[in-house]
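Hello,

Here is the structure I said I would pass on. My notes on chain B follow below it.

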Amino acid sequence: MSMEEQDLLRSAVKEFAQKSIQDKALKIEHEGVDKALLQSLASQGFLGARIPEKYGGSGIDLHGYLTIVNELATFSPSVAALVMLVNSVHAPLIGDSEPEVMKKLASGEATVSTSLSDVLEGNFSATSLKKNGSNLKGAVNLSSLYRGEYAIALNRDDGHLYLFKDGVKGVEEDSGLSFRGLSNGSLEIDSSDYTVLSEKGEDALKAVVDNLDLEVAALALGTAKGALDKAIDYVKVRKTFERPLKDYGPVASALSRHMAEYLALSSYLESVDENDSRAKLTLKVLSVDLAKRATKAALQYHGGYGYIEDTGVEKFYRDAMGLSILFQRPHHDSMRLSKEIFGEKSGYL
Amino acid sequence: MDFDFPEDIVNARKKAQEFARKEINSEMAKKYDRLEKFPEELRKKAFEYGIIDYQNPWSMLVTIEELCRADAGLGISATVSLFGAEVIMLFGSDEQKQKYLSMVQNGDKIMGLAVTEPGGGSDVAGITTRAVEKDGKYIVNGAKMFITNGTIADFFVMLIRTEEVEGKRHHGLSAFIVDSDLPGFTKNKLSGKLGVRATNTAELILDNVPVPKENLIGEPGKGFYYIMTFFNISRAYVAAQAIGIAQGALDRILEHLNRLTKEGKTALAEEVQFLASDIATRIEASRLLAYKAASYLFQFRPNPTLTSMAKAYASETATFAAEKALEITGYSGITGDLERFFRDSKIMEIWEGTSEIEKLIIARNLLKEYAEVNQ
């Protein structure tokens, strides 16, 4: 997709988000993405952006897809994360093995509860499902979209990664730190209709997570931009000691520097070569770092108002932190980056 | 120079730790956080246990630290029911002390401090809530925002404008005790806070609220000075809250690393060790600053530069520690206590004077001292 086409697509996503997300961003945080929004995302071609057209997806190229994730995140990182999960986690894992499921995903007719927790760093509890006759049964820890019609989960007992097509029940919502609009919670599974997506389930899940570099970068940059936009608007009108906050050097300087970093990284993202593993990883590392710093500054300059959800800035702060834990393996990424730079295994002591 | 606390303060810390172990746990903290519910039972238990004694500020300082180490939302809620009492202690009349302080010192009643206004924040001198004398009372109109204990306090120490003084905004402000059951007094609970969600926070609306004249604290027009004096004290307590959060985060990092070691994982990666060392060092530095500031304060010779340094540095240490702790512990942190510590810690850099305000105070005092020395 050319730069011009990316700009046009960005305008379309922005217009959609202003109409369909902006006013209900807080509701999304509380109640999750509803079916109506899911289907609107689908009808615009955003939900199944990378899903092949034969399954009803849009088949958009990588840069177009990143533009969608990035722009949606400026309004709601949760909605952007949902699109990322569908296109970069569910679709690659399910692939051609379940055409009907893929069609339902692209159309927003169904969602897939997904637990990446088994391959995330710092997790001590592994999912373990037991055979009960022909059924597989057990509990699954923190899953995104816990009310989904389907579920993808790793079974530590046999090492396989499964797609469960029945017997999936969301049991307890856990609003947690981040991406509350994804409706995170735990699952109970008692399924007789399931498919093995991979016999090397852990490797498959890790590969998917490690392949999210550009998506996470796009999401992080959108999250930073969403917070910075709010802060810049706020400091123009908010007065303290009878002057707008923007007139104070430290405020203007901090927000400007963060925005300048955002612009530089966005420009890098728009033209990055998808086969350049070092560039992709660099973008992710720097973008997530920026998101954490920029959202923190944006919240700080809102003062007490930044600390309450009505203002709409604290969610960016929470999501930026969650992004660095829930959709990547930071220690592993450090090793990857060191290997890219040194050309051999480094930094492991 | 002796850096050790006297035995009674060491014992106060031990008693607070004991109380925290018995009465505060992760499940409870999670529940009150989720429900945004004030833990009234816990507050009462803290009084019954004998750990709340604002007559002994050193004891309170270490108690706040230890309870926030267990959980900031619960710890602050259990220790904040006398918020603003020092204004009455230092500047109130004997009658006011007798009538109001006696009610809160034993835990029967709760009080609050109402200074911040919608659109106000750090700019305390910009207060617009007004009191006008009429028929032997002050009639108060205006609004207060982000008020701790807002819907549960029985009375507030409130900063109100009683006079407009051209060009001197901090003049003409007076401090009052305002009972919360007076006619025209409305309290709206603020929900959806990022953190410290067990604490009670509200917006107060005052619509022709009749405040008795005898509820004026000290002299009219001196309110700004009284409140600034109070902030000097409360900032030391906020530093203690922040140190507690940072220490709690470090406790959980060490627990995590210990667990990793036992499981033969890469617990001792040097990068992680460096971070844990940084956090521990910053906590120690925060303690030294806070205790030094408190030692001046509690000997009635406050040093605002030190107090602001302690508050700003400890607050930034709390957010640094909570953020790094989450990064180090990853999934177990985000599904455990640390995600709450991360959310709770951010308020430390905002309330009782943002970090920016503290830095302005520090710089202005340094420049003033420089000018005095070099005159």
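How many bridges join strand E6 of chain B to E7(B), and do the two run parallel or antiparallel? Strand E6 (residues 185–189) of chain B and E7(B) are joined by five bridges and run antiparallel. Please keep in mind that this is a predicted model.

Within that pairing, B:Lys187 stands opposite B:Leu204 in E7(B). Strand E7 (residues 201–212) of chain B is also joined to strand E3 (residues 137–148) of chain B, here by nine bridges, and this pair is antiparallel as well. In E7(B), the residue opposite B:Gly142 is B:Leu206.

On the domains: the assignment for chain B lists domain 1 (7–79), domain 2 (87–221) and domain 3 (225–373). The centres of domain 1 of chain B and domain 3 of chain B, taken over C-alpha atoms, are separated by 18 Å. Their contact involves 17 residues from domain 1 of chain B and 16 residues from domain 3 of chain B.

The elements of chain B that give two or more residues to it are helix H2 (26–35), helix H4 (57–70) and helix H5 (72–79). H4(B) supplies the largest share, with 10 residues. Sorted by class, the side of domain 1 of chain B that touches domain 3 of chain B has 10 nonpolar, three polar and four charged residues.

Regards

Key:
Residues are numbered from 1 along each chain as its sequence is written. Chains are lettered from A and ligands numbered from 1 in the order in which they are written. This is a predicted model: local features need pLDDT of at least 70, side-chain atom pairs count only at pLDDT 80 or more; totals for chains, interfaces and linings use all residues. Two strands pair if DSSP finds at least two bridges between them. Helices (H or I, at least four residues) and strands (E, at least two) are DSSP runs, numbered from the N terminus. Domain bounds come from an automatic or database domain assignment. Two residues are in contact if their C-beta atoms, placed from the backbone, lie within 7 Å. Ala, Val, Leu, Ile, Met, Phe, Trp, Tyr, Cys and Pro count as nonpolar, Asp, Glu, Lys and Arg as charged, and the others, Gly among them, as polar.
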